[in-house]
Amino acid sequence: MERPRAFVTNSRLPIVASWIVLAVLLTAREPEFGLLIGIGFLAAFMSGLVGVGGAVLLIPLLLYLPPLAGFDAIGIKTVTGITIVQVTGGALSAGLAHLGDRRVDRHLFAVVGLSMTACSFLGAVLSATVPGVALEAVFASMALVASAFMLVLRNRIPPEVDGPPAFNRPVALALGAVVGLLAGMVGAGGAFILIPGLLYIVRIPLRMTIGTSLWIVVASSIAGLIGKAVTAQIDWPLAFALLAGALPAGLVGAAASRRTHPARLATILGVTIALVAVRMWADVLGRL
């Protein structure tokens with residue numbers, strides 16, 4: 001009796017119910033929206049389950065699933081435009097959820113955050129003139145690096161320290177600029193590259209890396225979104241369908257992660273991302 005009562009009185013039930021109604025309405029009006037809602041849900045669920053950024057999953061799903069489901073393929077520029085909307089929503093949601101945490105190093109945020117935010121906006125604007133095949137090559141390269149970090153270096157983290165960590169400012173500045181430029185081009189927040197970079201290149205302890213990178217990604221995602229929007233690269237109806245699927249899924253994935261083995265799933269995910277990256281590079285090379 002207690003379980004049904006807890007379910008009915010759960011504060012999240014109205015949110016989930018309204019999402020289901022929205023999903024049904026969108027799907028009835030345009031079947032492709034139903035697929036995008038499902039893709040958004042799957043990517044956000046896996047993000048909450050394993051703790052990886054949404055774009056590294058969203059982009060290959062959006063490129064390869066629609067044709068398999070009988071819909072027209074979505075071009076890479078449209079994919080990067082709608083992905084940044086979902087990524088920005090997820091980053092803001094995570095940032096607000098951790099608003100009270102005291103794991104943000106202001107000095108690190110000032111160095112990496114400002115350079116990454118500026119370059120994310122620049123990358124998003126430049127992507128309007130970059131050939132689609134080049135954007136696919138950029139993402140495939142980033143995915144290979146991310147999968148290598150997930151599979152090889154995931155347990156080699158620097159030790160925790162008392163107080164603010166010391167770090168090399170030029171290296172941190174360069175990391176933020178490179179990650180921001182590439183992430184802005186492909187419509188990503190960049191967390192799947194930034195977090196390993198801060199851990200293994202800048203050598204920032206894990207807790208400070210997680211707390212600081214969260215707000216860096218919030219800033220860079222907003223900048224990337226603005227850059228894509230002002231250059232008219234966002235298909236807003238598709239973006240909102242994707243976002244509708246993602247909104248409840250992060251909570252579900254985070255809850256499920258407490259009952260599973262995320263490390264094992266992360267290994268499977270790392271292999272999958274590597275295979276996707278290889279497939280994308282094969283497509284890119286085949287068109288050169």
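A: Alanine 232 counts as exposed because its relative accessibility is 69% (buried means under 20% relative accessible area, exposed over 50%, and partly exposed in between, with a 1.4 Å probe and protein chains only). The model is a predicted one, in which local features need pLDDT of at least 70 and side-chain atom pairs count only at pLDDT 80 or more, while totals for chains, interfaces and linings use all residues. Residues are numbered from 1 along each chain as its sequence is written, and side-chain values use heavy atoms, with hydrogens and water left out.

Alanine 232 lies in the loop between H10 and helix H11 (236–246) (helices, H or I of at least four residues, and strands, E of at least two, are DSSP runs numbered from the N terminus). Its phi is near 55 degrees, a positive value in a residue other than glycine. Arginine 203 also has a positive phi, near 65 degrees, and is not glycine either. Arginine 203 sits in the loop between H9 and H10, and it counts as partly exposed because its relative accessibility is 41%.

The helices H9 (191–200) and H10 (206–230), together with H8 (169–186), are what the buried residues of H6 pack against (contact means heavy atoms within 4.5 Å). Among those buried residues of H6 are Leu108, Val111, Met116, Cys119 and Ala124. Helix H6 covers residues 106–126, and its 21 residues should span 30 Å at 1.5 Å a residue; the end C-alpha atoms are 29 Å apart, which agrees (the expected span is 1.5 Å times one less than the number of residues). At glycine 113, H6 bends by about 25 degrees (the angle between axes fitted to the seven residues ending there and the seven starting there). Glycine 113 is itself one of the buried residues of H6.

The largest nonpolar core holds 65 residues, and Ile59, Leu194 and Leu198 have the most contacts inside it (such a core is a set of buried Ala, Val, Leu, Ile, Met, Phe, Trp, Tyr and Cys residues joined through side-chain atoms within 4.5 Å). Apart from neighbours within four places in sequence, isoleucine 59 is in contact with Ile76, Val79, Thr83, Phe139 and Val186.

Leu238 is in contact with glutamate 32, as are Phe71, Asp72 and Ile74, leaving aside neighbours of glutamate 32 within four places in sequence. Glutamate 32 belongs to helix H3 (residues 31–50) and counts as buried because its relative accessibility is 18%.
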